[in-house]
Amino acid sequence: MADVRGRARNLDRDTVLAGRLETAGSLWAKFMGLMGRRSLSAGDGLWLPASNGIHMMFMRFPIDALFLGKPGPDGARPVVAASENLPAWRGLVPLVRNAHGVLELPVGTILASNTVVGDEVSLRVT
């Protein structure tokens with residue numbers, strides 16, 4: 001499914017959003033996303049670069065999603081939208097204007113990290 005490992009961190013709240021971050025870099029990997037998985041464990045996440053929308057079709061579990069803008073000079077990306085507890089089988093999630101990537105996370109991550117629109121997120125992919 002994904003090809004790169006890394007980490008996502010909310011710089012404003014000094015919290016780790018995903019200590020084990022995978023990147024879906026190809027069109028196929030983005031389409032597949034988390035489909036086929038039974039769950040997304042706490043501390044895991046999936047980064048979908050250059051995306052402004054996602055779907056929940058064929059998903060077996062709900063997720064949180066952070067829509068991130070373009071990186072600034074320091075590489076951090078602003079949160080432009082936050083969607084909590086997106087239900088499985090919802091279909092298409094509306095496109096988010098100014099989003100240039102989506103971070104898919106386990107349900108409860110946005111609430112637990114107090115992440116809000118405007119926070120800066122650092123992505124490190126290795």
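Student: Why is Asp119 called buried?

Tutor: In this predicted model, Asp119 has a relative accessible area of 4%. Buried means under 20%, so Asp119 is classed as buried.

Student: Where is Asp119 found, and with which residues is Asp119 in contact beyond its neighbours within four places in sequence?

Tutor: Asp119 is found in the loop between α2 (109–113) and β7. Leaving aside neighbours within four places in sequence, its contacts are Asn10, Asp12, Arg13, Arg77, Pro78, Val79 and Asn114.

Student: What makes the pair of Asp119 and Arg13 a salt bridge?

Tutor: The closest N and O atoms of Asp119 and Arg13 are 3.0 Å apart. The criterion asks for a side-chain nitrogen of Lys or Arg within 4 Å of a carboxyl oxygen of Asp or Glu, so the pair qualifies as a salt bridge.

Student: Why is Arg13 called partly exposed?

Tutor: The relative accessible area of Arg13 is 36%.

Student: How many salt bridges does the structure hold, and what makes Arg20 and Asp44 one of them?

Tutor: The structure holds four salt bridges. The side chains of Arg20 and Asp44 meet at 2.5 Å, N to O, and the cut-off is 4 Å, so this pair is a salt bridge. The pair links distant parts of the chain, with Arg20 in strand β2 and Asp44 in strand β3, 24 residues apart.

Student: How do you know whether Arg20 and Asp44 are buried or partly exposed?

Tutor: Arg20 has 43% relative accessibility, so Arg20 counts as partly exposed. Asp44 has 15%, and the limit for buried is under 20%, so Asp44 counts as buried.

Student: What makes Arg37 and Glu22 a salt bridge?

Tutor: Their closest N and O atoms are 2.8 Å apart, and the cut-off is 4 Å, so the pair meets the criterion. Arg37 lies in the loop between α1 (27–32) and β3, and Glu22 in strand β2, so the pair ties together parts that are 15 residues apart in sequence. Arg37 is partly exposed, with a relative accessible area of 24%, whereas Glu22 is buried, with 13%.

Student: Why is β6 described as largely enclosed by the rest of the structure?

Tutor: Six of the six residues of β6 are buried, so the strand is largely enclosed by the rest of the structure.

Student: How do you know that β3 and β4 pair with β6?

Tutor: Pairing requires at least two bridges between two strands. Four bridges join β3 (residues 44–49) to β6, and these strands run antiparallel. Five bridges join β4 (residues 63–68) to β6, also in antiparallel fashion. Both counts meet the requirement, so both strands pair with β6. Within β6, Glu104 stands opposite Leu46, and Glu104 is the bridge partner of Ala65.

Student: Why is Leu92 called exposed?

Tutor: Leu92 has 66% relative accessibility. Exposed means over 50%, so Leu92 counts as exposed. Leu92 is placed in the loop between β5 (77–86) and β6 (101–106). Together with Met57, Phe58 and Trp89, Leu92 makes a nonpolar surface patch of about 480 Å².

Student: Why is Arg124 called partly exposed?

Tutor: Arg124 has 48% relative accessibility, and exposed would require over 50%, so Arg124 counts as partly exposed. Arg124 belongs to strand β7 (residues 120–125). Arg124 and Arg7 are 117 residues apart in sequence and 5.1 Å apart in space, C-alpha to C-alpha. Leaving aside its neighbours within four places in sequence, Arg124 is in contact with Arg5, Gly6 and Arg7.

Student: How do you know that the radius of gyration agrees with a compact globule?

Tutor: A compact globule of 126 residues would have a radius of gyration near 14 Å; the chain has 13 Å, so the value agrees. The C-alpha atoms fill a box of roughly 35 × 30 × 25 Å along the principal axes, and 43% of the 126 residues count as buried.

Technical notes:
Residues numbered from 1 in each chain as written. Predicted model: local features only at pLDDT ≥ 70, side-chain atom pairs only at ≥ 80, totals over all residues. Heavy atoms only, no water. Patch = residues over 30% accessible without salt bridge, like charges linked within 9 Å, V, L, I, M, F, W, Y side chains within 5 Å. Areas by Shrake-Rupley, 256 points an atom, 1.4 Å probe, with all protein chains shown as cover. Helix = DSSP H or I, 4+ residues; strand = E, 2+ residues; numbered from the N terminus. Buried < 20%, exposed > 50% of the residue type's maximum accessible area, 1.4 Å probe, protein only. Rg over C-alpha atoms; globule rule 2.2 N^0.38 Å. Contact = heavy atoms within 4.5 Å.
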